[in-house]
Amino acid sequence: MVVAAAAGVAAAVGFGGTDRGTAAAGSTPPSTATVTRQTLTDAQEVDGELGYGSTRTATARFGGTITRLPETGTVVKRGGRLYAVDDDPVLLLYGALPAYRVLEPGVRGADVAQFERNLRALGQDGFTVDDEYTGSTAEAVREWQEDLGLPETGRVEPGRVVYADEAVRVESHQVATGDLAQPGQAVLSYTGTSRLVTVELDVDDQRLAKKGGAVRVALPDGDPLAGRIESVQTVIETGSAGANGQSAEAETKIEVTVSVTDPAKLAGYDQASVEVTFTAAERPDVLTVPVAALLALAEGGYGVELVEGGRSRIVAVTTGLFAAGRVEVTGPEITEGLTVGVPA
């Protein structure tokens, strides 16, 4: 921010004589401004989209015919059916680690513990929840498979379950009932179930997005709501193909997810464009001048031109926060109400 703001200050000047605190500047400048005391806020308003947060895709791991798909908008909870292939269900479980291998007796690891926690939450017992898939785990799995109408193998293939952090909402379908599914094929997209605002920031604005930070969310026809930054992640947007067949360069963005403190006020909205105000920094009760009033000093640092009684002199200042075209300044001779020059 300092570098960006400093690019617009007047050309460097040097102090004359032995007094490095002031220097004669000749006649008064063409324009002036007043040193004001205020709360200086580095804030920015950005367009956002109200929805259900980031979208994820469930892909098939088994070949076969898609026989069941939930309607869009359906909420699927732990143990629920996301879809079915050859009339065998693919089930939702909770966890952060994706299913990546067959679970069977003798297998150890964090994925085993994650699966066993889900199995216990679904009402199965007779095994210990740990990182080892034992014969007791296999027996509990057979009972679970029997309840689901699946072959009672005691093994769990990676394509049988999909892990998500919590319950999901079906967003859209990429296939239709009756389509043939191939391994790796997208079947459906889903989101979380909470109403969230998603904002994309340029990398240069990353300072605005700090997890846990407070924001304001303005709905299309309502009062601003208090909000909180839930997550911040870097995403790479691949470029779309142009008319000549060449793809545009990939672009890096900062994706920010925001929740509101009073979700009840979102009733009646499904999806909507909103305005999100981010506050990167705030300085209460500080002295400020226009950024254009700063002078870059040859000795280093900045100064301002004080205008008093028809004459002017330059005094050094220490800068603080830059925001909204003004800058926080301090110095022994800087007080509220003084007049400073603004170079043409």
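What share of the contacts in the protein chain with a separation of 6 or more is accounted for by residues 24 or more positions apart? In this predicted model, such residues account for 67% of those contacts. The secondary structure of the protein chain comprises 3 helices and 23 strands. Of its 344 residues, 41% count as buried.

An open sheet is formed by 5 strands, arranged in the order 10-9-8-6-12 with mixed pairing. Strand 10 and strand 12 (180-181) are the edge strands, each of them pairing on one side only. Within the sheet, strand 6 (residues 64-68) and strand 8 (residues 81-85) run antiparallel and are joined by 2 bridges. Arg-68 has Ala-84, in strand 8, as its bridge partner. Helix 2 (residues 110-121) packs on the sheet, where it touches strand 9 (88-94) and strand 10. The direction of helix 2 makes an angle of about 100° with that of strand 9.

Positive phi values occur at two aspartates, Asp-86 and Asp-285. Asp-86 is located in the loop between strand 8 and strand 9, and its phi is near 50°, a positive value in a residue other than glycine. The relative accessibility of Asp-86 is 45%, and the residue therefore counts as partly exposed. For Asp-285, also not a glycine, phi is about 55°. In contrast to the loop position of Asp-86, Asp-285 lies in a strand, namely strand 18 (residues 272-290).

The largest pocket of the model has a volume of about 840 Å³. Its lining consists of 36 residues, of which Arg-56, Tyr-163, Ala-164, Asp-165 and Tyr-190 are the closest to the pocket centre. Four strands each supply at least two residues of this lining: strand 5 (56-59), strand 10 (161-164), strand 13 (186-191) and strand 16 (225-237). By class, the lining of the largest pocket contains 18 nonpolar residues, 13 polar residues and 5 charged residues.

Note on methods
Residues numbered from 1 in each chain as written. Predicted model: local features only at pLDDT ≥ 70, side-chain atom pairs only at ≥ 80, totals over all residues. Heavy atoms only, no water. 1 Å grid on protein atoms, 1.4 Å probe; cavity = no way out; pocket = protein on both sides within 12 Å on 5 of 7 lines; lining within 4 Å. Points joined across faces, edges and corners; volume = space filled by probe spheres on them. Nonpolar A, V, L, I, M, F, W, Y, C, P; charged D, E, K, R; others polar. Pairing = 2+ DSSP bridges. Contact = heavy atoms within 4.5 Å. Axes fitted to C-alpha atoms, helices over the stretch in contact; angles between N-to-C directions. Buried < 20%, exposed > 50% of the residue type's maximum accessible area, 1.4 Å probe, protein only.
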